[in-house]
Amino acid sequence: MSIITGKTKLLGIIGHPVEHSLSPVMQNAAIERLGVDYIYIPFPVKPENLATALNGFATIGVMGFNATIPHKQAIIPLLSEITTTAQLVGAVNTVWRTETGWKGTNTDVIGFLAPLKPLKRPWNTIKPIILGNGGAARAVVVGLAELGCPEIAVVGRDPDKLGQFKQSWDESALTASITVHSWDELSGLVSESELIVNTTPIGMFPHTDNSPVDSFIWEKFPKNAIAYDLIYNPSPTQFLKDAQQQGLTIIDGLDMLVYQGAAALEIWVQQSVPGEVMSQALKQYLFA
Ligand code: NAP
C-alpha cells in the first residue's frame, strides 16, 4: 500500500451501516494502480448526523465521497448542485467539492449501462422488464431510457409503491414510458421482452437457491433475450443459471458495482480509471 503522508487527499463513503461496503476494497486498489495520492475510507454516519458530517468533511478538506443507504436521497437538500441524472433518479451516490459547495451525481446509471452498451442491440425496439421498484430500479429506469428503450415494464408486489414509482416520473424529463404490473402479470409480458433485469434482493447470498421468477418462465422469452441480475454475490445467481440454461445472454451485478465506482473515482481524480483492477480486487476479496 502507498505511504500516507500529510498531503494525502481524503475520499470515502458514508453509510449506516457502512462496514459491509465493498467500495474501499476496489477504490483503494484503483488508487494504488493509478499512483495518485488519495485514500478512500469508510465513514459510518447516522441519519441524524448527515449535515454535521458534511460540514466536518468541508472543514477537514475531504475531496469527495460516495453516499449509500440511508443517505442517497436525504443528502440532496444539503448539496449546492446535482446533475440532471441525479435529479431523474432522485438519488445521489457520488459527491465532490466545488468552489460553490458540494455537487452530487448518480453513477449507478453509468455502472448499470457498462455491460449493456457493448452488446449493440436495437434498444429502441426493446421493451425491458424490471423486477422490483426500489432504489436500484430507479437507476435502471434512467439507464434504459438513456439507451433508447421506449417503454419499460416494472413488476412489483406492492400496488401503492408501484403507483408512486410510476407517478414519480410523470412530470420528469424521462424519455421512456413506464407501465407497472403485479407479479401475476409477469408470464404474459416475457414473450415480447428481450431484456429482464432483477433489482430485487431475491437470490442474494446466503439465499442462493432462490430466484425471483419460476423456472418455466424462461422458455417463453425470445432466444436472443438478456437476463441481467444486479446481484453480484453469488455469481451467477439462480436467476441467471436458469436463464443461461435456456440459452439467454446473462449479466451479473459485478460490472455495475465496478463501473459506478470507476465513474466516481474519475470525477474525483480527473483521470481515466482502470475498471479491471477494481473488478479483480473485488473478485479476490469476495470469492478467493
Ligand atoms: P430496495 O430499495 O430495498 O428495493 C428492493 C426491491 O425489491 C423493492 O421493490 C422490494 O419490494 C423488492 N423486493 C424485496 N424482496 C422481495 C420479495 N421477496 N418479493 C418481491 N419483491 C421483493 O433495494 P435496492 O437498493 O433497490 O437494491 C436491490 C438489489 O440490487 C439488492 O440486491 C442490491 O444488492 C442490488 N444492487 C446492486 C448494485 C450493483 O452495483 N450491482 C447497486 C444497487 C443495488 P417492496 O418495495 O415491496 O419492499
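Predicted model: local features only at pLDDT ≥ 70, side-chain atom pairs only at ≥ 80, totals over all residues.

Me: How do you know which residues belong to domain 1 and which to domain 2?
Reply: The domain assignment of the protein gives 9-106 + 256-287 as domain 1 and 110-252 as domain 2. The C-alpha centres of domain 1 and domain 2 lie 26 Å apart.

Me: What makes residues of domain 1 and domain 2 count as being in contact, and how many are there?
Reply: Heavy atoms have to come within 4.5 Å. In domain 1, 11 residues are in contact with 16 residues of domain 2.

Me: Why is an area called buried between domain 1 and domain 2, and what is its value?
Reply: The area is called buried because it is accessible area that the two parts lose on being put together, summed over both. For domain 1 and domain 2 it is about 1200 Å², and carbon and sulfur atoms give 76% of it. Of the area that domain 1 buries against domain 2, Leu88, Val89 and Met256 supply 53%, more than any other three residues.

Me: How many salt bridges and polar contacts does the rule find across the interface?
Reply: Zero salt bridges are found between domain 1 and domain 2. One residue pair is in polar contact, a label that requires N or O atoms within 3.5 Å.

Me: What makes up the side of domain 1 that touches domain 2?
Reply: Helix 3 (84-89), helix 9 (254-269) and helix 10 (275-287) each supply at least two residues. Helix 9 gives the most, with five residues. By class, this side of domain 1 has nine nonpolar, two polar and no charged residues.

Key. Residues numbered from 1 in each chain as written. Heavy atoms only, no water. Domains from an automatic or database assignment. Buried area = accessible area lost by both parts, 1.4 Å probe. Salt bridge = Lys/Arg side-chain N within 4 Å of Asp/Glu carboxyl O. Polar contact = N/O pair within 3.5 Å; in protein donor to acceptor, adjacent residues only side chain to side chain. Helix = DSSP H or I, 4+ residues; strand = E, 2+ residues; numbered from the N terminus. Nonpolar A, V, L, I, M, F, W, Y, C, P; charged D, E, K, R; others polar.
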